[in-house]
Amino acid sequence: MLERLKDLIQEKSFRAQGEFTLASGKASDCFFDMKRIMGDPEGINLLADAFLGLIADEEAAYIGGVAMGAIPVVSVLSLKSLDTARPRRAFFIRKDGPKSHGMEKDLEGQTPPSGEAALLFEDVTTTGGSALVGIERLRREGCSVKTVYTIVDRLEGAEDRFAQEGIRLVALFTKKDFSG
């Protein structure tokens with residue numbers, strides 16, 4: 001399953017020609033456009049199955065991530081978890097803070113109540129900055145995050161930054177798994 005998923009990412013989502021600006025602000029000669037794999041029926045199904053296997057023993061009933069990158073995988077993962085021993089409720093963290101209308105929330109969906117643990121998901125992790133913003137918002141609400149799961153770790157410092165916060169990073173793949 002992971003080998004097929006890696007092949008799909010290489011084919012549909014990995015770009016190694018050009019100059020790209022990452023969410024972290026860093027420049028890179030390669031880019032992972034994970035929305036392409038998450039929009040592919042086989043790709044999103046394989047991603048959800050891979051993550052379901054990784055989180056099977058995790059007790060947290062809540063899974064989430066920062067919008068936009070985590071929305072597809074967290075949604076499908078929540079749906080597929082219904083057929084497991086541990087169904088997971090999905091929530092999303094607005095990247096730019098609370099919206100200016102409606103309930104004016106920055107946490108959407110089935111948000112974990114104070115005292116609950118959550119698992120956070122990312123599509124691609126570089127420095128970990130986006131996830132750490134989300135983790136801080138969850139902590140303000142009294143929730144804890146012990147693990148961040150990502151499809152690809154670019155190996156540019158996220159694991160060390162998370163470790164400083166007592167959080168582990170689990171990646172399906174690293175940048176080294178792909179060639180261009």
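Colleague: How many salt bridges does a search of the whole structure find?
Modeller: Remember that this is a predicted model. A salt bridge needs a Lys or Arg side-chain nitrogen within 4 Å of a carboxyl oxygen of Asp or Glu. Searching the whole structure on that basis gives 9.

Colleague: Lys-35 forms a salt bridge with which residue?
Modeller: Look from helix 2 (residues 34-38), where Lys-35 sits, to strand 8. The two partners are 88 residues apart, so the pair links distant parts of the chain. The closest N and O atoms are 3.5 Å apart, and the partner is Asp-123.

Colleague: Is Asp-123 buried or exposed?
Modeller: Buried means under 20% relative accessible area. Lys-35, at 41%, counts as partly exposed. Asp-123 has a relative accessible area of 13%, so Asp-123 is buried.

Colleague: What parts of the chain does the salt bridge between Glu-108 and Arg-94 tie together?
Modeller: The closest N and O atoms of Glu-108 and Arg-94 are 3.1 Å apart. Glu-108 is buried at 18% relative accessibility, while Arg-94 is partly exposed at 29%. The two are 14 residues apart in sequence, so the bridge ties together strand 7 and the loop between strand 6 and strand 7.

Colleague: Where does Arg-139 lie, the residue that pairs with Glu-165?
Modeller: The side chains of Glu-165 and Arg-139 meet in a salt bridge at 2.8 Å, N to O. Glu-165 is in the loop between helix 6 (158-164) and strand 10. Its partner is 26 residues away, in helix 5 (residues 129-140).

Colleague: Now the rings. Is the pair of Phe-32 and Phe-178 stacked or edge-to-face?
Modeller: The structure holds 8 aromatic pairs, this one among them. The ring centres are 5.3 Å apart and the planes stand at 70°. Planes over 60 degrees apart count as edge-to-face. So the pair of Phe-32 and Phe-178 is edge-to-face.

Colleague: What is the relative accessible area of Phe-51?
Modeller: Phe-51 lies in helix 3 (residues 41-55) and pairs with Phe-121 in strand 8. Phe-121 is buried at 1%. Phe-51 is buried too, with a value of 0%.

Colleague: Which strands stand at the edges of the sheet?
Modeller: The open sheet has 6 strands in the order 7-6-5-8-9-10, with mixed pairing. Each edge strand has a single partner, so one side is left without a neighbour in the sheet. The edges are strand 7 (107-109) and strand 10 (168-174).

Colleague: In which sense do strand 8 and strand 9 pair?
Modeller: Strands of a sheet pair through backbone hydrogen bonds, either parallel or antiparallel. Ala-117 stands opposite Ser-144 in strand 9. Over 8 bridges, strand 8 and strand 9 pair in a sense that is parallel.

Technical notes. Residues numbered from 1 in each chain as written. Predicted model: local features only at pLDDT ≥ 70, side-chain atom pairs only at ≥ 80, totals over all residues. Heavy atoms only, no water. Pairing = 2+ DSSP bridges. Helix = DSSP H or I, 4+ residues; strand = E, 2+ residues; numbered from the N terminus. Buried < 20%, exposed > 50% of the residue type's maximum accessible area, 1.4 Å probe, protein only. Phe/Tyr/Trp six-rings, centres within 6.5 Å; stacked < 30°, edge-to-face > 60°.
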